[in-house]
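Grab a pencil and have the viewer open.

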Amino acid sequence: MSDGFVARESEKPFFIIFTDLDGTLLDRNTYGWEEAEPALTLCKKLNVPIILASSKTRAEIEILSRKLSIPAPFISENGGGIFFPVNFFKETPPGASFDNGMWKWSLGMPYSHLIEVLREIKNELGLQIRGFSEMSTYEISRLTGLDLESSRLASMREFDEPFIIPDENPTVPQLLISAAVKKGVTVIAGGRFYHLQGKNNKGIAMAKVISWYRETHENVRSIALGDSPNDFYMLEQADLPVLVRSSQKFSELKKKIPDLRVTAQESPGGWNSAIMDILG
Ligand SMILES: [Mg+2]
């Protein structure tokens with residue numbers, strides 16, 4: 001063993017947590033996070049940044065990050081946008097635009113384009129696709145279980161159109177994926193909705209955030225937590241990947257990521273125990 005190896009081993013890791021929200025940090029039904037409080041408090045004590053990475057909009061995540069007292073950059077709409085609190089870093093992230101009080105990296109496709117493409121796919125496949133842009137705040141509330149104000153924030157989209165298919169049959173996912181590929185867009189399955197978006201994903205956004213942190217920090221080690229396929233891009237590249245238990249088994253993912261940790265509990269208790277194990 002060389003001296004250099006020993007020196008590197010002794011460097012303290014700088015952990016960054018990337019976490020999905022619904023079904024991962026937040027309870028999938030109540031959206032609460034009480035059981036994760038001990039781990040959240042530990043992260044604050046150790047100055048471990050928690051990067052919220054969700055299919056939620058900027059408007060929704062901004063409010064949640066205030067409630068959670070997490071003053072860190074966050075990833076919105078499945079990696080479509082990355083938002084940095086002003087003055088959080090000494091320097092402005094390169095290429096960022098200033099948008100309503102935050103620095104923003106836009107990785108996704110403009111929303112107006114996505115709505116148009118989803119309309120084309122709907123007509124071509126003859127499916128009863130219903131996108132967020134066609135729904136009232138009341139309908140979004142009914143489908144998500146969010147209150148009306150939260151549903152209004154959820155409808156303020158920039159990079160990702162969630163949609164449902166009430167008459168879905170087993171052939172639908174493959175048809176959707178093929179139609180999307182032809183149009184240069186992506187369809188992925190989240191916990192409650194399909195999502196139509198550009199080539200962005202949470203993993204690409206995560207890599208960008210890590211590279212920005214590496215400008216100023218040594219020995220960055222990433223922890224990623226998620227519960228759905230749109231989180232797997234993060235889990236695949238994390239140093240410490242954590243699958244938060246849900247009703248789905250995802251045995252392929254476990255084969256693909258041999259060191260994947262799977263929590264014993266669902267969210268938010270599973271989130272808490274995973275972070276306490278790693279950092280505690
Ligand atoms: Mg989730």
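This is a predicted model: local features need pLDDT of at least 70, side-chain atom pairs count only at pLDDT 80 or more; totals for chains, interfaces and linings use all residues.

Residues are numbered from 1 along each chain as its sequence is written.

**Exercise 1.** Check whether the length of helix α4 agrees with its residue count.

*Solution.* Helices (H or I, at least four residues) and strands (E, at least two) are DSSP runs, numbered from the N terminus. The expected span is 1.5 Å times one less than the number of residues. For the 15 residues of α4 (residues 111-125) that gives 21 Å, and the end C-alpha atoms are 21 Å apart, so the two agree.

**Exercise 2.** Work out which residues of α4 are buried, and what they pack against.

*Solution.* Start with the cut-offs: buried means 20 or more other C-beta atoms within 10 Å of the residue's own, exposed means 12 or fewer, and partly exposed is in between, with C-beta atoms placed from the backbone. L114, L118 and I121 are the buried residues of α4. They sit on the same side of α4, because they cover an arc of only 60° around the axis (the arc of the directions from the helix axis to the C-beta atoms). Next, look for partners, using contacts (C-beta atoms, placed from the backbone, within 7 Å): the buried residues pack against β7 (130-131), β8 (160-164), α7 (172-182) and β10 (194-197). Finally, turn to the face away from the buried side, which carries the exposed residues S112, E116, E120, N123 and E124.

**Exercise 3.** Find the residues through which α2 and α11 meet.

*Solution.* On α2, pick P38, A39, L42 and C43; on α11, their counterparts are W271, N272, I275, M276 and L279. Then go to the loop between β13 (261-262) and α11, where P268 lies. A cis peptide bond joins S267 to P268, with omega about -10°.

**Exercise 4.** S69 and N78 both call for a look at phi: which is buried and which is exposed?

*Solution.* Most residues other than glycine have a negative phi. S69, in the loop between α3 (58-67) and β3 (74-76), has a positive phi of about 55°. N78, in the loop between β3 and β4 (81-85), has a positive phi near 55°. Now count neighbours: S69 has 10 C-beta neighbours inside 10 Å, so S69 is exposed. N78 has 29, so N78 is buried.

Terms used. Two residues are in contact if their C-beta atoms, placed from the backbone, lie within 7 Å.
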